[in-house]
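Me: Please take a close look at one part of this model, and say what lies around it. Plain description is enough, with the cut-offs stated.

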Amino acid sequence: MSAGVARLRLPRVSSQALAARVRETRIRWHLLMRNKLARVCVVFIGILVLVAIVGPLLVPYPDSVRGGVDLNVKLQSPSWSHPLGTDEFGRDMFSRVVAGARISLSAAAITIALALLLGAPLGALAGGVGGIVDDVIMRIVDVFLSFPSVLLAIAIAVFLGASLRNAVLAIVLSWWPWYTRIVRSQAISLKERQFVRAATAIGTPKRDIVFRHILPNAMGPVIVQASLDFGYVILTLAALSFLGLGAQSPTPEWGLMINLSRNYFLTAWWYMLFPGLAISFTVLAFNVLGDGIREVLDPKSRTY
Amino acid sequence: MDDHLRIRDLNVGFRTYEGFRQALEVEELTIQHGESYGLVGESGAGKSVLALAVLRLLRTPPAVVSAGELSLDGEDLLGKSARRMRALRGRDISMIFQDPMSSLNPVFTVGKQLTNVIRRIGGENHRAAIVRAQEMIRLVGLPDAETMMAKYAHQLSGGQRQRVIIALALACGAQFLIADEPTRNLDVTVQAGVLKTIAALRRDLGVSVLFIANNLGLVSAMCDRVGILMDGRIVETGTVEEVVFSASHPYTRSLLRAIPTKAAGHEGSESQWAQSLSRFTTENGAHCSYFARCTEGGEVCAGQAKPQLSLLDGTHYVACRVAAATR
Amino acid sequence: MGAFILRRALLGVLVVFGVLVLTFVLTRVVPSDPVSQWVGPRATAAQRVAARGQLGLDKPIYVQFRVFLAAFVRGDLGTSLASHQPVSKELRAFLPATADLMFVAVAFAVLLGIPMGVFSARYKDRRPDHIARVVAVSAVSMPTFWLALLLQMVFFRWLHLLPLGGQQSQYYSVIQPVPKATGFLFLDCVIAGNWGALVDYLQHLIMPAIALGAGTLAVLARMTRSSMLEILNEDYITAARSYGLSEGVVLWRYAFKNSIGPTVTVLALQIGWLLVNTFLVETIFNWPGIGNYIATSVVTLNYPAIIAVTLLSAVAYVILNAVADIVIAVDPRVRH
């Protein structure tokens, strides 16, 4: 029918559709901000990011961050000069915990970005091309998802050798298939949409359809999911560091600090307490914010 | 005197993300013993809300319910404790839900669901409950009670499910039954059978019925009296004859025109059909909510408060300025 | 139906094969030097060549894979680089302690987490719900190993209520050991009728089980809450209420029974997570189980042990998932 042809548009997101999407996002943001807890979390995460950026420059004992030793003040309980106490090498815990924010947040961000970079295009390829390509990619995904992801990360990290960089790589390798799955299901539904069909009809090469038309439009849900995974990735990184597979001493990584504190925790409670609180509150903020986001995105739970 | 259900000034609203929204504003609704009252309105008019409000089954954090009076057999329902209210449900007042596909529990057999309901009153032992359940199954016109008892919801047809639901509603001997669009999701041929069953049960058991539908034709066949619900308010009520033969509210007339009959012919009926079915935007404003769609309203209505129900003649009430003026 | 089961089973076999390939690749492609682990740092060149032969590393890669496969089928999981004992034998020795711990942790999580979720849903947006949600979201946000240390600090250091770690007090482990019958200490204590030892054992179990189960508890509570909320919105729940059924029957029989599906799926997924967390918890509590063994293996780079556990848990995962899918497909009530 001629109506079908007439409706064909240039295979681009029209400015109207873009405006609609922006409006929808703004409505959701508005709804999210009406949730008091979510508001607190956004502020907290904002402060955390700020601390991660400028904190290491402003800490009272920059030398402690780099691992400088001052045995005269080792294992001191919290005081005015050392608000969170000191560790067994006399390093200021406050400076180290503040510096840890940069490490945890940046490592988690890099992990998620790399997992997206690996997983999303594969998902677009699987969903967009279909057939044997889809089968092969998804069976590989199945294999990766058959491992408990942290266990796979541990195994990979063991073989790569212990370092923060390798811990990040290990988590990326165990985590990308989740994003492939999400993008694939999105891509399959996009394939039926008018603008993709139009692009196919005018003879756009398959590669362009998958990576120019499908992939950018399929990113919405997976980006939301990725931001929800932040807390989980921070926890996993800390766990790997705790097992000795992540950051190495004297890096002020929170999980590593807790590992080192184990020998002293019966006497120096502050040593283990503060890095743990830092991890917990950071992850808590991301999790509560994630719950808020999910609630806004799922109209069913939006009763009032 | 012999009022079974009495409602006065029932207000229901919901707190939502977008703010408070009024859903129901019923000035008066009375149903006599043994009477069948039909409530007609578009989807979204508040019919199901009314049913759930009477049974006190609305979740009250989002819903806000208030009433001048809400009584069953002279007993006040609103002030009842949750426990006393529960004792009343099923035994004195019960409800048939509209969607037979989702109103049966998928993990229990029909028999199990029936005996659960029957035994909740206590006293009945398991054997007696089974006998009573089979009796109920036969009563609602289902064949082969023994095998029916062992079946799960997904093994039944839509009509069979709806009969089971009727059996469940009546299993504890409720004398007041709310039927919320009981045939809405059924095939036309099955509808007739289910309606016949409800009519027969009403006759045999002497049950009073609040029959909810979106179809005036259906209600006029099943009921003694009719109320037209629009935007949460009853805008016209009276006996079936009064409302159908001398419909006074423009909205009622549009509903009547929407019934496809041979006599109605072709002229204009299609657009009116569409018009009466289209959901109108519900403004919680102070004005007559039909004004935007009304073909008869004029200067009398513009800018005026919502019209109240006023007596036309006999038992016929209408909430419309134009109709009241032309009486 | 038969075709579906066959297809699902075949898919499972395919995935197990993939798991084997991935694990094999992990051991061979990744730069690592098992030989020096095997012979120690002061070995001669000749010893190293001999070790290469012993470990089968001198053969072509596809032959190595065939050997690897054949060994797996035989149940041979390689030889520990640390003790030169078969890994499967070592795992079997450590299994009972971990099984006990995981069982108690799961029981703790299920018995507390599910009711928590149900009540949370029942009292949505009221005080019990708020409290339960705060507890749950805190528990998923805390690092397991930190929670373990916190427990030790509070219950051992401050309150002197529970032992710091280990499986038994010295009295029962050294001076008057319980005779070994099954290897499962709990059962052994019961068989021997040694109630003192049993109480002692349970005291040692409490903290590790809580530390291990807390995350699962929270996940179960959250899952149960959300699936209960969905079910409580169903028509048949309102209908059940309209028949005058008591709130207890509605909640636990009508709603809970329908909401359990997603919770069970999540629990199955949690087993993998629990296993990993035993690595963290067992080291902290010095619990003589597989987790402790692996955590030590991670530090000493005992690759075969790590690979064996990774492989086994992946295979168990695949089988569990396949069985769950088949059960769901076969039972008409779950399918609706």
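Reply: From the N terminus on, the elements of chain A run α-α-α-α-α-α-α-α-α-α-α-α-α, that is, 13 helices and zero strands. Helices (H or I, at least four residues) and strands (E, at least two) are DSSP runs, numbered from the N terminus. This is a predicted model: local features need pLDDT of at least 70, side-chain atom pairs count only at pLDDT 80 or more, and totals for chains, interfaces and linings use all residues. Residues are numbered from 1 along each chain as its sequence is written, while chains are lettered from A and ligands numbered from 1 in the order in which they are written.

Taken along the principal axes, the C-alpha atoms of chain A fill a box of roughly 85 × 45 × 35 Å. Of the 304 residues in chain A, 46% are buried (20 or more other C-beta atoms within 10 Å of the residue's own; exposed means 12 or fewer, partly exposed lies in between, and C-beta atoms are placed from the backbone). Among the contacts in chain A with a separation of 6 or more, 70% join residues 24 or more positions apart; two residues are in contact if their C-beta atoms, placed from the backbone, lie within 7 Å.

The C-alpha trace of chain C spans about 85 × 60 × 40 Å along its principal axes, and buried residues make up 41% of its 336 residues. In chain C, too, residues 24 or more positions apart account for 70% of the contacts with a separation of 6 or more.

The contact between chains A and C takes 37 residues from chain A and 37 residues from chain C. On the side of chain A, at least two residues each come from helices H6 (131-145), H7 (149-160), H11 (230-242), H12 (254-261) and H13 (269-297). That side has 27 nonpolar, seven polar and three charged residues (Ala, Val, Leu, Ile, Met, Phe, Trp, Tyr, Cys and Pro count as nonpolar, Asp, Glu, Lys and Arg as charged, and the others, Gly among them, as polar).

Chain B meets chain C through 26 residues of chain B and 20 residues of chain C. Helix H2 (82-88), strand E7 (93-96), helix H3 (110-119) and helix H6 (158-170) of chain B each supply at least two residues of the side that touches chain C. By class, this side of chain B has 14 nonpolar, seven polar and five charged residues.

Within chain C there are two domains, domain 1 (2-74) and domain 2 (89-335), with bounds from an automatic or database domain assignment. Their C-alpha centres lie 32 Å apart. Each domain of chain C gives 13 residues to the contact. On the side of domain 1, helix H1 (2-29) and helix H2 (34-39) of chain C each give two or more residues, and H1(C) gives the most, with ten. The domain 1 side divides into seven nonpolar, five polar and one charged residue.

Helix H6 (127-141) of chain C has 15 residues and should span 21 Å at 1.5 Å a residue, which agrees with the 21 Å between its end C-alpha atoms; the expected span is 1.5 Å times one less than the number of residues. The buried residues of H6(C) are Ala132(C), Arg133(C), Ala136(C), Val137(C), Ala139(C), Val140(C) and Ser141(C). Their cover includes H11 and H13 of chain A, along with H5 (87-122) and H10 of chain C.

H10 (195-232) of chain C also packs with H7 (144-158) of chain C: the axes come within 9 Å and cross at roughly 145°. Axes are lines fitted to C-alpha atoms, for helices over the stretch in contact, and angles run from 0 to 180 degrees between N-to-C directions. The crossing of H7(C) and H10(C) is right-handed (the near helix is turned clockwise from the far one by less than a right angle; anticlockwise is left-handed). H7(C) contributes Thr144(C), Leu147(C), Ala148(C), Leu151(C), Gln152(C) and Phe155(C), and H10(C) contributes Met207(C), Ile210(C), Ala211(C), Ala214(C) and Gly215(C). Eight of these contact residues are nonpolar, three are polar and none is charged.

Finally, Ala268(C) sits in helix H12 (247-285) of chain C. Ala268(C) is partly exposed because 14 other C-beta atoms lie within 10 Å. Beyond its neighbours within four places in sequence, Ala268(C) is in contact with Leu320(C) and Ala324(C).
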